[in-house]
Amino acid sequence: MAASRTKELAHVLFETTDGKTEAEEKKALKQFAAYLAKKGLLKDQDKIIDAYRQLYNEKHGIVEALVTLTERMHETTKLELREALKKKYKAHEVHILEKVDQRLIGGIKIQIGDTVYDSSLQNSLKQLQAQLLK
Amino acid sequence: MTTKNLIIENLKKEIAHFEKGASSEHVGIVTEVFDGIVRASGLSTIKSSEMVTFPGGQTGVALNLDESSVGIIVLGDYSKIKEGDEVKATGKILEIGVGDAMLGRTVDVLGNPIDGNGKIVTTKTYPIERVASGVITRQGVDQPMQTGVKAIDALVPIGRGQRELIIGDRQTGKTAIAIDTILNQKGQNMKCVYVSIGQKDSKLRKLETRLREGGAMDYTVIVSAGASDPAALAYIAPYAGVSIAEYFMDKGEDVLIVYDDLSKHAVAYREISLLLRRPPGREAYPGDVFYLHSRLLERACRKNQDYGGGSITALPIIETQAGDISAYIPTNVISITDGQIFLETDLFYKGIRPAINVGNSVSRVGGSAQIKGMKKVAGTLKLDLAQFRELEAFSQFGSDLDESTKAQLERGKRAVELLKQPQYSPVLVEHQIVSLYALTKGYLDSIPVVKISEFEAGLIEYAEQNAKSFMKQIREKKMWEDDGEAELKQAIEDFKKVFA
Ligand SMILES: Nc1ncnc2c1ncn2[C@@H]1O[C@H](COP(=O)(O)OP(=O)(O)OP(=O)(O)O)[C@@H](O)[C@H]1O
Ligand SMILES: [Mg+2]
């Protein structure tokens, strides 16, 4: 499905549910799902939901950050990171999703939208390797 | 949890509800069974030309006919299908296997061999219905498609990528022109597809033998839906044929496709529509019969270099009744094509064969594809013929004609004679130019009309030996130069002495 069509549908979903009562929302979701089924778009639900998630975040000033470390983050680090991202992105809210991955060896990797800040040891080593092989 | 995630979760629940019910969405029930055609209810999401399957494993193709039910043509054994059977939509448009292995073969509308020469291993599949390539992929017609038929190449020239209709009553030589054109493509870097619709098997066999003997099957595929096959197959045949043509075009090759004939194709479609009780319109054809042929002929085109530079030239054939070109199907197809070649029974019986009415035949785009040398001689020929037609009518009343009128009449008679041509003997364009040059420069005026054909054959042979640079110039530069022309003139004069 064309990207523009996905966005359009995400917009519809947003407009019909945002700030609505629970009953209205329920009705809108039913209709939306029925529409997808009728048009044979159920197979595209992941793309549409992704687009919706993005749109919702944009509209509500929410930044979602996927943070990968080799161990769970300290609460203080989390707070500091949240404040830093709020400032940088002028966001209302910052949601941090944590992921633990030993392959990083050390350091931290932050992904926001399609931007990745990678200061993991794994990445530094990769770069070093590339330098040495030149 | 944020509201966003809640909304997403709730939406997923709603969707799950539909997904469970989804399998029943694409199933229908057979409500009526006809001769090779069934009607089914349900199948609300089905697309036109989508493949469906029956419980016995048979394949069908949906004709998206109306809102509450779908007409399905059954490809294969339909005798076991009965009311109440479940029909499953596949979500796929009917496809045909395509590949180089099809060259030299005769296949049915699904690409299965019917010539008894074993399996065909194809490399790709193409949908039989496809939207025609867009304008940005196309290029104007400027390369000739030589038919080898003198009257056509000189007066109604056809270019690669053109759609030229061959139209005439029964037994006027329509098929003969198409077959001669295919025979003439030898060594012209052309692939050919001959789509035979509703012809008797014996006729097709003869035709296939002719092509094979002429070495033309090496670059030709025959697609056939025979006279005894159900209408459903006749309906599919031209679309299957053009899909095979598209396979070659997409490889950057030039393709010639013949539809013999679209009158029988329209009749098959009418039969299907009437069985499905669609409201009949003019001449009992359904309302969308125009679209039947426009979507087919639109697929002929010439691609520009960025899109591979391939082309499909289409020669659709239409049979008229008593020369009536204002009937529904002829008018439709005339409006879709880039010109017509009219064949007439009168001419045929007068012995003017091919029985082309050169006055009424036109080619709207082929002129720009005609090679320069041919253009030069054809211009004078056209004039000679036009004057001849006028004077011929006039001369039947008065007996006292002045010398110049007599001369023009004599020239005209020789022009008509020179354009006659037996079947299975296409003439190379450079040879056409030699004889037309001789005609238009007056060299034939002293040759008796009955000797014209003999003279022509001899002259061509003589010129090949004695006007070598003229021939070379035409072949390589498409036009003669002064020295070549002088050489040809000398050769013609010398040959006249030998001939007398
Ligand atoms: N140029 C020609 N010179 C002599 N005979 C010809 C020529 N062209 C066709 N014929 C003969 O005329 C007859 C009819 O030709 P053909 O089958 O090509 O016509 P048609 O219009 O396709 O006929 P139908 O309507 O049956 O399809 C055949 O016997 C064929 O051999
Ligand atoms: Mg015929």
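Predicted model: local features only at pLDDT ≥ 70, side-chain atom pairs only at ≥ 80, totals over all residues.
**Aromatic pairs, a helix crossing and a cavity**

Over all chains, the structure holds 15 aromatic pairs.

**An aromatic pair in chain B**
- The ring centres of Phe455(B) and Phe499(B) are 5.0 Å apart and the ring planes stand at 85 degrees, so this pair is edge-to-face, a term that applies to planes over 60 degrees apart.
- Because Phe455(B) belongs to helix α13 (residues 452-466) of chain B and Phe499(B) to helix α15 of chain B, the pair ties together parts that are 44 residues apart in sequence.

**Helices α12 and α15 of chain B**
- Helix α12 (residues 429-440) of chain B and helix α15 (residues 482-499) of chain B have axes that come within 11 Å and cross at roughly 75 degrees, and α12(B) and α15(B) are therefore roughly perpendicular to each other.
- On the side of α12(B), the residues in contact are Val434(B), Tyr437(B) and Ala438(B), which meet Glu485(B), Leu488(B), Lys489(B) and Ile492(B) in α15(B).
- Sorted by class, this contact of α12(B) with α15(B) has 5 nonpolar, no polar and 2 charged residues.

**The cavity**
- The largest cavity is lined by Pro144(B), Met145(B), Gln146(B), Asp153(B), Pro157(B), Ile158(B), Gln370(B), Ile371(B), Met374(B) and Val429(B), a lining that has 7 nonpolar, 2 polar and 1 charged residues.

Notes: Residues numbered from 1 in each chain as written. Chains lettered and ligands numbered in written order. Heavy atoms only, no water. 1 Å grid on protein atoms, 1.4 Å probe; cavity = no way out; pocket = protein on both sides within 12 Å on 5 of 7 lines; lining within 4 Å. Nonpolar A, V, L, I, M, F, W, Y, C, P; charged D, E, K, R; others polar. Axes fitted to C-alpha atoms, helices over the stretch in contact; angles between N-to-C directions. Helix = DSSP H or I, 4+ residues; strand = E, 2+ residues; numbered from the N terminus. Parallel < 35°, antiparallel > 145°, perpendicular 65-115°, else oblique. Contact = heavy atoms within 4.5 Å. Phe/Tyr/Trp six-rings, centres within 6.5 Å; stacked < 30°, edge-to-face > 60°.
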